[in-house]
Amino acid sequence: MEVKKHINSKKIIILMALMIGFVFLLIKCNHIEKVSLISTEGQSYEKAVVTKITKDNLAEDGNRYGNQELEVEIKSGSLKGENLEAINPNGTLFGAECEVGTSVIVIVSSSEDTNVVTVYSKDRTNAIYMFILIFTAIVCIIGGKKGIKAILSLAFTFVCIVYIMFPLVYKGNSPVLITILICVVTTIVTIGMLGGVSKKTVSAIIGTTFGVVISGISALAFGEFAGITGYNVSDIETLNYVAQNTSIKIGQLLFSGIIIASLGAVMDVGMSISSTICEIKETNPGMQAKQLFISGIHVGRDMMGTMTNTLILAFVGSSLSSLMTNYAYDLSYNQLINSYSIGIEIMQGLSGSLGVVLTVPFTAAISSLLITGKRKEK
């Protein structure tokens, strides 16, 4: 009993030390000064509620033309509580369909005693928080302790990407290298929380890391042979401006995105194969490494089709608008297949899928060796 208490105390001390180190790393990484790329002096985004529509832009045909003139009550910032006149532009990216009582986000441009207010968008904050809360509740209710751990690991991954990866990339570090390191760390934490400390967890972590690295290498190789770089993306003009004023290596961002996008599917395959082999060994302790490896391959073959479809369909779905536009213009095959946008989509889908496929035999081999090795030691 005393030995068990000693082990638990040791685990708590190690966990506390890791948490303190992680917090210190967050503070260290975010101690940066960002270069001002646009002037926002005198401008702020505030919450507001429409109190009156002074001039509507709704025509008899049901469409809106021109600007809508409103009165809004500011709900945040230094002008909170004041009623101001506002302009609601008729656009697809800016403005909103406003009625009395509509919650909106407004751009307040202040100059001396003059305040120019423009509707930016509908206030979506409550809707976003509500769906996050619903998602969290459903995962925790259905998953129990595993669900809670899944939410915590997801939050940890988000923090690592936003508060460690982004600052390090902003400082000029290699996006591909930093992305791989972040993927390894988040994989260790996620699988470790779900599977605990075991040979199964170790093999899943090793297999996932291997698959993610393969995805990155495949993307880089594809880009090299096909003549595709991170400078061929659609928003390159904006990225070039950012690169001129910061230390960000924009050419590697495309490949970093591919690595992150493939992480979820690769992790799923790695954990599933490792868990399956471990379960088979528990059920039939007499099975040797070769037999376990073959069983893992058989299970992995069933997963390959669904996981590769998941990745490719995810990339297709994210670029469906541009693909539909190409279809509508009835572009020729040679023009379409050799365009940068199609090449990038193919590179993303195939690189991620290749990482998933190669994760199967690698994880099966690692798992079968580690698990049978554990039995031999006993």
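Q: Let's take Ala, Val, Leu, Ile, Met, Phe, Trp, Tyr, Cys and Pro as nonpolar, Asp, Glu, Lys and Arg as charged, and the others, Gly among them, as polar. On that basis, how does the lining of the second largest pocket split by class?
A: This is a predicted model, and in it that lining has ten nonpolar, eight polar and two charged residues.

Q: Which residues lie nearest the centre of that pocket?
A: Val-233, Ser-234, Leu-254, Ile-344 and Gln-348 do, out of 20 lining residues. The space in this second largest pocket is about 400 Å³.

Q: And which helices supply at least two residues each to its lining?
A: Those are α6 (253-283), α8 (320-328) and α10 (340-377). The largest share is from α10, with five residues.

Q: OK, on to the largest pocket. How much space is in there?
A: About 940 Å³. Its lining takes in 27 residues, and those nearest the centre are Leu-15, Leu-18, Phe-156, Ile-188 and Val-189.

Q: What's the class make-up of that lining?
A: For the largest pocket you get 22 nonpolar residues, four polar and one charged.

Q: Which helix gives the most to it?
A: That's α1, with nine residues. Helices α1 (2-29), α2 (125-170), α3 (175-195) and α4 (199-226) each put at least two residues into the lining.

Q: Changing topic: how many cavities of 30 Å³ or more are there?
A: The count comes to one, and this largest cavity holds about 40 Å³ of space.

Q: What lines it?
A: Thr-157, Ile-161, Ile-182, Cys-183, Thr-186, Ile-260 and Leu-263 line the largest cavity. Helices α2, α3 and α6 each give two or more residues to that lining, and α3 gives the most, with three. By class, five are nonpolar, two are polar and none is charged.

Q: Since α6 came up, at what angle does it cross α7?
A: The axes of α6 and α7 (residues 289-318) cross at roughly 160° and come within 10 Å.

Q: Why would you call them roughly antiparallel?
A: Their crossing angle is roughly 160°. Angles over 145 degrees count as roughly antiparallel, so α6 and α7 are roughly antiparallel to each other.

Q: Left-handed or right-handed crossing?
A: The α6 and α7 crossing is right-handed.

Q: And which residues meet there?
A: On the α6 side they include Ala-261, Ala-265, Val-269 and Ile-273, and on the α7 side they include Gly-296, Gly-300, Met-303 and Phe-315. By class, the contact of α6 with α7 has twelve nonpolar, six polar and two charged residues.

Definitions and conventions
Residues are numbered from 1 along each chain as its sequence is written. This is a predicted model: local features need pLDDT of at least 70, side-chain atom pairs count only at pLDDT 80 or more; totals for chains, interfaces and linings use all residues. Side-chain values use heavy atoms; hydrogens and water are left out. On a 1 Å grid over the protein atoms alone, a cavity is a set of points where a 1.4 Å probe fits but cannot get out, and a pocket is an open set with protein on both sides within 12 Å along at least five of seven lines; lining residues have an atom within 4 Å of a point. Grid points are joined across faces, edges and corners, and a volume is the space filled by probe spheres set on the points. Helices (H or I, at least four residues) and strands (E, at least two) are DSSP runs, numbered from the N terminus. Axes are lines fitted to C-alpha atoms, for helices over the stretch in contact, and angles run from 0 to 180 degrees between N-to-C directions. Angles under 35 degrees count as roughly parallel, over 145 as roughly antiparallel, 65 to 115 as roughly perpendicular and the rest as oblique. A crossing is left-handed if the near helix is turned anticlockwise from the far one by less than a right angle, and right-handed if clockwise. Contact means heavy atoms within 4.5 Å.
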